[in-house]
Amino acid sequence: MTPTNAHSDLLNTLNQMKQHNMAEGPAGAELRKDRLQRAIKLIKENHRDLSEAMSKDFGHRSVYQSSTADIATTIKLLKDAIENVSTWMQDQPVETPEPGMKAWIQQQPLGVIGIISPWNFPINLSFGPLASVFAAGNTAMLKPSELTPKTSALLAELVARYFSPEELTVVLGDAEVGKAFSSLPFDHLIFTGSTAVGKHIMRAAAENLVPVTLELGGKSPVVIDKDADIVQAAERIMTVKTFNVGQICISPDYLLLPEDKVETFVEAAKSFVQSSFPTMQENPDYTSIISDNHYKRLIGLLEDAKEKGANVISLATEGEVDYDDKSRKIAPFLIFNVNDDMAIMQEEIFGPLLPVKTYARPEEAVAYINSNPRPLAAYYFGDDTERQQAFALNTISGGLVINDVMTHVSVETLPFGGVGPSGMGAYHGIHGFKRFTHEKAVVLQSKDGASGKRLRAPYKDKQAALEEMLDS
């Protein structure tokens with residue numbers, strides 16, 4: 001598909017899908033479950049090929065990380081939707097103002113949903129939204145990332161094998177094709193990616209008044225309070241910072257640490273990382289950075305911080321290189337003495353670099369978070385319940401996890417989404433079903449039509465009664 005004809009070809013596909021939806025009528029519970037089950041079947045029957053494709057796209061990616069985050073977690077989301085869809089889609093009766101009148105909320109599919117998925121978890125962030133989309137009775141067009149070409153091509157091949165083109169279509173192509181895709185008159189559009197690109201997506205969707213769900217990123221902070229277990233905090237933070245080497249939208253982006261806990265945290269982080277990854281460059285458990293451009297960007301962030309006075313500490317085992325251009329593997333780094341003039345404190349990092357700011361009083365940490373754009377996630381370590389509650393009340397973020405990192409994304413009953421610059425709208429579980437459903441108000445008038453008779457002329461007697469009521 002070339003950019004010159006991308007829009008017209010895609011629009012034709014979308015219109016065909018819309019026409020098919022109208023001809024077939026809304027999907028019942030069994031068809032919705034069948035589509036969800038076929039999605040599970042696609043992933044389970046091809047998980048090895050999918051993991052291999054992802055590893056090739058990354059240069060190297062841990063099979064376990066792919067199996068956990070892209071395979072097992074996604075299947076869990078799809079299974080949850082299967083178990084609950086029959087309940088979610090039921091009409092909801094509501095109270096009415098008149099005897100004999102009935103009213104309810106009908107759960108109506110929106111139609112055809114556009115999904116633009118990113119490269120960092122190419123299966124999870126394609127089929128995770130699809131769990132909600134299919135549960136809500138919709139069909140979809142999916143545009144996976146061009147940065148994972150092997151995975152995207154395999155996905156297109158598999159989807160064509162398990163789904164009809166009227167149910168699910170995969171669109172392959174570069175950024176120009178993505179631009180054409182985002183300008184289509186979908187019934188809803190969901191995008192997962194950077195805040196910068198999210199602005200373009202929203203602008204394009206606005207031309208057709210397409211409602212959007214934007215799952216963006218930003219700089220997710222971690223606060224370690226004075227009463228926290230520093231060793232535990234370091235282990236849990238670095239677990240996620242090394243998983244997919246921090247190429248996660250809700251990975252910790254900077255740490256706020258009591259100034260008297262620096263040495264303890266460094267030692268705990270170093271001990272944990274080196275015990276988990278005694279080597280990195282030859283270690284199959286350690287993942288590469290996705291592309292040369294992203295690798296160079298991360299090294300650039302590191303060099304910029306050094307030049308501007310940061311104290312940079314590598315957590316690699318002694319004797320091992322900190323990074324390698326050929327493997328695109330970068331060891332985890334802690335960066336101290338950072339300031340807001342450094343690029344690393346301005347951009348979402350998406351890698352194994354962790355800037356650390358110290359504070360003397362807890363209020364300083366909260367004030368710093370609140371002086372910056374609202375993040376997709378915030379993380380707090382500390383055991384005092386009053387201080388936990390104070391942090392929750394006084395900071396705004398898409399999600400909050402206390403005494404861990406990233407755990408909220410695995411709880412299907414919680415909404416997952418951002419706020420402000422980190423996104424709009426949320427999905428997962430019932431929240432995703434509602435996101436891609438139109439809740440239509442339906443009223444069945446009573447046989448005597450009593451509620452409508454007050455609108456009939458003549459009004460003289462009605463006006464007198466109305467004034468008596470208003471004056472009482």
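Predicted model: local features only at pLDDT ≥ 70, side-chain atom pairs only at ≥ 80, totals over all residues.

Analyst: Residues are numbered from 1 along each chain as its sequence is written, and side-chain values use heavy atoms, with hydrogens and water left out.

User: Why is strand 3 described as largely enclosed by the rest of the structure?

Analyst: Strands (E, at least two residues) and helices (H or I, at least four) are DSSP runs, numbered from the N terminus. Buried means under 20% relative accessible area, exposed over 50% and partly exposed in between, with a 1.4 Å probe and protein chains only. Strand 3 covers residues 112-116 and is largely enclosed because the buried residues number 5 of the 5.

User: Which residue of strand 4 stands opposite I115?

Analyst: Two strands pair if DSSP finds at least two bridges between them. Strand 3 and strand 4 (residues 139-143) run parallel and are joined by 5 bridges. The residue opposite I115 is L142.

User: What is the hand of the β-α-β crossover from strand 3 to strand 4?

Analyst: The chain passes from strand 3 through helix 5 (residues 124-135) to strand 4. With the strands pointing away from the viewer, a clockwise path from the first strand over the helix to the second counts as right-handed. This crossover is right-handed.

User: Which residue of strand 6 is the bridge partner of I116?

Analyst: Strand 6 (residues 188-192) pairs with strand 3 in the parallel sense, over 4 bridges. The partner of I116 there is F191.
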